[in-house]
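Please look at the sequence and the structure shown here, and keep both in view while reading. The paragraphs that follow lead from one end of a helix to the rest of the chain.

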Amino acid sequence: MDIGANAEAEIIVEVLALLGKKLGLKVCAEGIETGAMLRHVQKSGCDLGQGYLFSKPVEAEMIGVLAQRWHA
């Protein structure tokens, strides 16, 4: 939260992404709600992301359908 409005929140994202990378992990940002948040987590080095920007919560059966839509 507060990406784009709170420098401390942005630093936390950057440091956690760096820590994950240094440990050889894939980093997934959760709670991406705006384009500004997406740009910041991408710039910070996150590999994956999820949140309302992409989709509201759905039933498990719909995950395949959503993945096909995003892949297309």
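Asn6 caps the N-terminal end of helix α1: one of its side-chain oxygens lies 2.8 Å from the backbone nitrogen of Glu8. This is a polar contact, defined as a pair of N or O atoms within 3.5 Å; within protein, one atom must be able to donate a hydrogen and the other to accept it, and residues adjacent in sequence count only if both atoms are side-chain atoms. The model is a predicted one, in which local features need pLDDT of at least 70 and side-chain atom pairs count only at pLDDT 80 or more, while totals for chains, interfaces and linings use all residues. Residues are numbered from 1 along each chain as its sequence is written, and side-chain values use heavy atoms, with hydrogens and water left out.

The protein has 3 helices and 2 strands, and from the N terminus on its elements run α-β-α-β-α. Helices (H or I, at least four residues) and strands (E, at least two) are DSSP runs, numbered from the N terminus. Along its principal axes, the C-alpha trace spans about 35 × 30 × 20 Å.

Helix α1 comprises residues 7–22, which makes 16 residues. From its first C-alpha to its last it reaches 22 Å, close to the 22 Å expected at 1.5 Å a residue; the expected span is 1.5 Å times one less than the number of residues. After α1 comes Gly24, whose phi is positive, near 75 degrees.

Which residues of α1 are buried? They are Ala9, Ala17 and Gly20, where buried means under 20% relative accessible area, exposed means over 50%, and partly exposed lies in between (1.4 Å probe, protein chains only). These three cover an arc of only 70 degrees around the axis, which puts them on the same side of α1; the arc is that of the directions from the helix axis to the C-beta atoms. On the other side of α1, Ala7, Glu8, Val15 and Lys22 are exposed. The buried residues of α1 pack against α2, residues 35–44, and contact here means heavy atoms within 4.5 Å.

Helix α2 can be read in the same way. Its residues Met37, His40, Val41 and Ser44 are buried. They cover an arc of only 95 degrees around the axis, and therefore lie on the same side of α2. Arg39, Gln42 and Lys43, on the other side of α2, are exposed. The buried residues of α2 pack against α1 and against β1, residues 28–30. Gly45 follows α2, and its phi is positive, near 100 degrees.

His40 is buried, with a relative accessible area of 6%. Not counting residues up to four places away in sequence, His40 touches Ile3, Glu10, Val13 and Glu14. Ser44 is buried as well, with a relative accessible area of 15%. A polar atom of the Ser44 side chain lies 2.8 Å from the backbone oxygen of His40. Leaving aside its neighbours within four places in sequence, Ser44 is in contact with Val13, Glu14 and Ala17.

In soluble globular proteins, nonpolar side chains tend to be buried together. In this model, the largest nonpolar core has 9 residues: Ile3, Ala9, Ala17, Val27, Ala29, Ile32, Met37, Val41 and Cys46. The elements that give two or more residues to this core are α1 and α2. A nonpolar core is a set of buried Ala, Val, Leu, Ile, Met, Phe, Trp, Tyr and Cys residues joined through side-chain atoms within 4.5 Å.

The later part of the chain remains. Leu53 is placed in the loop between β2 (48–50) and α3. At 33% relative accessibility, Leu53 counts as partly exposed. The C-alpha atoms of Leu53 and Ile32 are 21 residues apart along the chain and separated by 6.0 Å. Besides Ile32, Leu53 touches Glu33, Thr34, Gly35 and Leu38, not counting residues up to four places away in sequence. Val65 is found in helix α3, residues 63–71, and counts as partly exposed at 31% relative accessibility. The C-alpha atoms of Val65 and Val13, 52 residues apart along the chain, are separated by 30 Å.

Finally, the protein may be viewed as a whole. Of its 72 residues, 19% count as buried. Among contacts between residues at least 6 apart in sequence, 28% join residues at least 24 apart.
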